[in-house]
Amino acid sequence: MNVRYGIVGCGAIHNVHIESLRKIEGAAVSGVYDVDRAKACESSDKHGVPWAPSIEDLFDRCDAVCVCVPSGMHAKLGTQAANAGKHVIVEKPIDVYLEPARALVDRCAKQGVKLTCISQHRFSSAIRRLHDAAGSGELGKLLQGDAYVKWYRTQAYYDSGDWRGTRGLDGGCLMNQTIHYIDMIQWIMGGVRAVQGQARTLTHDIECEDSAAAIVEFRNGASGIIQSSTSFYPGFTERLEVHGEHGSVVIDGDRTKLWQIDPEAAGQGLYGGGVMQQPAPNIRLAAQAESDDDGTSEWGEQHRLQLEDFTQAIIDDREPFLTGTMALEPLKVILAIYESSANGGRRVEVS
Ligand SMILES: NC(=O)c1ccc[n+]([C@@H]2O[C@H](COP(=O)([O-])OP(=O)(O)OC[C@H]3O[C@@H](n4cnc5c(N)ncnc54)[C@H](O)[C@@H]3O)[C@@H](O)[C@H]2O)c1
């Protein structure tokens with residue numbers, strides 16, 4: 001069985017969807033559609049796939065739809081695809097507001113179609129190992145989980161599309177750029193209970209924030225910091241830092257930079273073994289770093305892995321690795337930071 005994918009929106013990211021789907025056994029790209037016909041034709045020429053004159057025509061020729069349009073249209077177009085009986089992949093974020101995002105999740109459930117939202121970094125080996133180590137208690141009780149995304153975008157970047165930096169269609173650096181790392185840190189730490197945040201526009205002429213910081217209270221009682229910016233020249237690789245009672249892990253640009261667990265903790269029988277069963281920190285780090293070389297930190301490969309999982313979920317009739325409901329979590333955290341910031345940084349619960 002080949003799952004036939006139709007792509008809605010032929011901008012920058014749709015190329016990654018087409019190139020990824022082409023590498024997946026059991027997947028095929030059956031058409032592209034864009035409200036700007038010239039873009040659909042350009043994509044058709046570039047990738048050798050048919051362009052559809054209308055979204056209905058695209059739906060007629062596919063089983064699943066990749067929604068690659070501006071973020072504030074994800075839920076609307078995803079719902080349209082679900083109503084046509086198509087499985088749905090939306091790019092991140094699931095939407096910029098909670099109500100349409102929840103409606104999309106509900107509609108997909110009612111229609112019996114599968115839904116995922118791209119959060120490709122969850123498919124990097126370094127991130128998955130950290131998630132598993134945090135969940136299995138390897139780091140001991142979790143104390144702190146931080147996400148630092150100090151990026152740089154020019155004004156020309158924001159001017160390159162009339163939706164960029166707008167509240168209704170994009171959001172700011174939290175919603176567009178840092179959402180990946182907010183999703184990962186909340187996933188690794190087991191969910192966010194509350195935030196206190198500040199979001200500001202420092203260096204760009206845009207409606208939304210280009211810099212934000214938040215203190216995070218995770219559900220397990222651990223604390224965290226979310227730092228987000230598109231104003232920090234020259235831009236830095238993003239970092240996740242997780243500290244548990246027995247050790248710390250730092251992931252920088254999806255690669256393990258530090259993985260250090262106190263050997264004494266193993267000696268106390270906390271892992272059911274003696275000191276010698278816990279590898280020396282430098283050996284452990286080297287092993288982790290080596291397995292980061294499996295290609296899963298490369299741009300494109302993570303999309304391929306997520307789209308492959310989704311294709312297999314359709315074929316096997318199971319839930320995808322990342323469901324629509326899971327994709328609501330980072331959105332709720334960001335909206336809570338916005339609410340906190342608008343109210344002088346007061347504590348806001350993430351419900
Ligand atoms: N996962 C990632 O790392 C990643 C990276 C980049 C972008 N994205 C996400 O992908 C989405 C698109 O980003 P982009 O950079 O490709 O944007 P873009 O502006 O390059 O492309 C958007 C395309 O959507 C088309 N479009 C707009 N309204 C439409 C409609 N109603 N029907 C059909 N087509 C429509 C536009 O004509 C345009 O071609 C955004 O939500 C963004 O957050 C994700």
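Into which domains is the protein divided? I began with this point and found domain 1 (3-121 + 301-320) and domain 2 (122-296 + 332-342); such bounds come from an automatic or database domain assignment.

I noted that residues are numbered from 1 along each chain as its sequence is written. I also noted that this is a predicted model, in which local features need pLDDT of at least 70, side-chain atom pairs count only at pLDDT 80 or more, and totals for chains, interfaces and linings use all residues.

**Entry on the domains.** I found the C-alpha centres of domain 1 and domain 2 to lie 27 Å apart. Their contact takes 15 residues from domain 1 and 19 residues from domain 2; two residues are in contact if their C-beta atoms, placed from the backbone, lie within 7 Å. On the side of domain 1 that touches domain 2, helix 11 (residues 301-316) gives the largest share, four residues. Helices (H or I, at least four residues) and strands (E, at least two) are DSSP runs, numbered from the N terminus. I classed that side of domain 1 as six nonpolar, seven polar and two charged residues. Here Ala, Val, Leu, Ile, Met, Phe, Trp, Tyr, Cys and Pro count as nonpolar, Asp, Glu, Lys and Arg as charged, and the others, Gly among them, as polar.

I traced an open sheet of eight strands in the order 12-11-10-6-9-8-7-13, with mixed pairing; two strands pair if DSSP finds at least two bridges between them. Strand 12 (255-261) and strand 13 (348-349) are the edge strands, each pairing on one side only. Strand 7 (residues 192-200) and strand 8 (residues 211-218) pair in the antiparallel sense over eight bridges, and Gln196 stands opposite Ile215 in strand 8. I then saw that helix 12 (residues 324-342) packs on the sheet and touches strand 7, strand 8 and strand 13.

**Entry on two helices.** I looked up helix 4 (residues 74-83) and helix 5 (residues 98-111), which pack at an angle of about 10° with their axes 9 Å apart. Helix 4 is therefore roughly parallel to helix 5, a term for angles under 35 degrees. Axes are lines fitted to C-alpha atoms, for helices over the stretch in contact, and angles run from 0 to 180 degrees between N-to-C directions.

**Entry on the ligand.** I found 22 residues around the ligand, the closest being Gly9, Gly11, Ala12, Ile13 and Glu91; a residue counts as near if its C-beta atom, placed from the backbone, lies within 6 Å. This shell has 11 nonpolar, six polar and five charged residues.

Terms used:
Parallel < 35°, antiparallel > 145°, perpendicular 65-115°, else oblique.
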